[in-house]
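Grab your viewer and work through them with the solutions alongside.

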Amino acid sequence: MKVYLDDERPTPEGWVSARWPEDVIALLEGGRVVELSLDHDLGDDEHGTGYDVLLWLEEAVATRGFNPPRVRVHSANSSARQKMELAITRIERFVREA
């Protein structure tokens, strides 16, 4: 399954829509996600951002050997995008070192 986290953009055909980080995490825990596309700003930072998914994923890979899906960022927030891409790089490094 491909999961698209966003609060405004239409979900591309063939992707499963998710609104909040916990929705994505629940799908990841189900073990069937093969690809993620993440937005950062979801309209309620107290509820979470796309970066929160990456923090969860990084912890799961580093401490539990979780096998991550392919991850990309589609956020228009340039500073958040950079932070998210660095997190993806860290996740990929954990996978290589495992």
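Predicted model: local features only at pLDDT ≥ 70, side-chain atom pairs only at ≥ 80, totals over all residues.

**Exercise 1.** Work out whether the side chains of Arg9 and Asp39 meet in a salt bridge, and where the two residues sit in the chain.

*Solution.* Step one is the distance: N to O comes out at 3.3 Å for Arg9 and Asp39. The cut-off is 4 Å, so the pair counts as a salt bridge. Step two is location: Arg9 lies in the loop between β1 (2-5) and β2 (16-18), while Asp39 lies in the loop between β3 (35-38) and α2 (50-64). That's 30 residues apart, and the pair links distant parts of the chain.

**Exercise 2.** Are Arg9 and Asp39 buried, partly exposed or exposed?

*Solution.* Arg9 has 32% relative accessibility, so it's partly exposed. Asp39 is down at 4%, so that one is buried.

**Exercise 3.** Find out how Arg93 and Glu97 are placed relative to each other in helix α3.

*Solution.* Both belong to helix α3 (residues 78-97), and because they're four residues apart, about one helical turn separates them. On accessibility, Arg93 is partly exposed at 35%, and Glu97 is exposed at 59%.

**Exercise 4.** Which residue does Glu59 pair with in a salt bridge, and how many salt bridges does the whole structure hold?

*Solution.* The partner is Arg64, with the closest N and O atoms 3.8 Å apart. Glu59 itself is partly exposed, at 37% relative accessible area. Searching the whole structure gives eight salt bridges.

Notes. Residues numbered from 1 in each chain as written. Heavy atoms only, no water. Buried < 20%, exposed > 50% of the residue type's maximum accessible area, 1.4 Å probe, protein only.
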